[in-house]
Amino acid sequence: MPRALLLALLLVLVGAPALADSELSPLTNTTLPAISGTPRQGQVLRADPGRWSPQRTETRYRWLRDGEPIRRAHERTYRLTALDVATRLTVEVRVRADGFAWTAAVSEPTSRIDYRVPVRRRVTYDVTTRGRITTSLATFKRLAQETYADARGWRAAGIALRQVGRGGDFTLVLAEASTLPSFGAECSTYWSCRVGRFVVINQDRWKFASPAWNQARAGLRNYRHLVVNHETGHWLGHGHAGCPGPGQAAPVMMQQSKGLDGCRFNPWPTAAER
């Protein structure tokens, strides 16, 4: 019988107080935990708890994304989501045995999680401005590229969008509101629009979202995802869409800036739009 376990039994027999967990010896990890499975969105990863001495009697799991705990991910298996794409996952395994303290070990990270859909179409874009710009152009460029790279966006349809210095397939424009009509009659000073090769984001909407969006407290970052995805969707060939049914996620090609018709705000293309 292991010495620590024998000591614990003797203390119980003589009525002595049990040792605190901090006073118990840890288990020894002889083989690190490991992760098996395909590192691709939608696939299921499985944790191997590793090898421990003495033999573990209780095991707990915690999955981490780039070192940060994933909410409610405490099972031995984990299904990869869009949020995991381009990150690396590890699993922390905590074990204990009678008479021994809880002990933890962390697996080696996975390779970077890949998109569910391989690239089917590659698109380039350049970025410019029109009029007086009172917000950060660098932030605009960065957040637009994050939107395009997000596995919930047009990348889910197999479309890879990449910024270039000039001569892109289309031009993404951050425009002062008063300059929007200069792109065409279909553009107003209040909304964003797309005309020919120009995907035009109204600076006021970029900075302040829309009244309907703000009333729903849907968040400025989500609005920026929406407006970039919506206007780029027009360039990709998508027309406007309506609400498919009360309580459902609104299509990204719905004019959500103006209202929802019973749908839920949603800044990403739905499965039917991909």
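Biologist: At what angle do the axes of helix α2 and helix α5 cross?
Modeller: This is a predicted model, and in it the axes of α2, residues 137–149, and α5, residues 220–235, cross at roughly 70°. They come within 10 Å of each other.
Biologist: And how are α2 and α5 oriented to each other?
Modeller: Angles from 65 to 115 degrees count as roughly perpendicular, therefore α2 and α5 are roughly perpendicular to each other.
Biologist: Is the crossing left-handed or right-handed?
Modeller: Right-handed, as α2 passes α5.
Biologist: Which residues make the contact?
Modeller: On α2, the residues are Leu 143, Glu 146, Thr 147 and Tyr 148. From α5 come Arg 221, Arg 224, His 225, Val 228, Asn 229 and Thr 232.
Biologist: How many of those are nonpolar, polar and charged?
Modeller: The contact of α2 with α5 has 3 nonpolar residues, 4 polar and 3 charged.
Biologist: Okay, switching to the whole protein. How many helices and strands are there?
Modeller: There are 5 helices and 16 strands.
Biologist: What about the radius of gyration?
Modeller: The protein has 26 Å, whereas a compact globule of 274 residues would have a value near 19 Å. The C-alpha trace spans about 90 × 35 × 35 Å along its principal axes.
Biologist: What percentage of the residues count as buried?
Modeller: Of the 274 residues, 43% do.
Biologist: Last one: what share of the contacts with a separation of 6 or more comes from residues 24 or more positions apart?
Modeller: Those residues account for 61% of such contacts in the protein.

Technical notes: Residues are numbered from 1 along each chain as its sequence is written. This is a predicted model: local features need pLDDT of at least 70, side-chain atom pairs count only at pLDDT 80 or more; totals for chains, interfaces and linings use all residues. Side-chain values use heavy atoms; hydrogens and water are left out. Axes are lines fitted to C-alpha atoms, for helices over the stretch in contact, and angles run from 0 to 180 degrees between N-to-C directions. Helices (H or I, at least four residues) and strands (E, at least two) are DSSP runs, numbered from the N terminus. Angles under 35 degrees count as roughly parallel, over 145 as roughly antiparallel, 65 to 115 as roughly perpendicular and the rest as oblique. A crossing is left-handed if the near helix is turned anticlockwise from the far one by less than a right angle, and right-handed if clockwise. Contact means heavy atoms within 4.5 Å. Ala, Val, Leu, Ile, Met, Phe, Trp, Tyr, Cys and Pro count as nonpolar, Asp, Glu, Lys and Arg as charged, and the others, Gly among them, as polar. The radius of gyration is taken over C-alpha atoms; the globule rule is 2.2 Å times the number of residues to the power 0.38. Buried means under 20% relative accessible area, exposed over 50%, partly exposed in between (1.4 Å probe, protein chains only).
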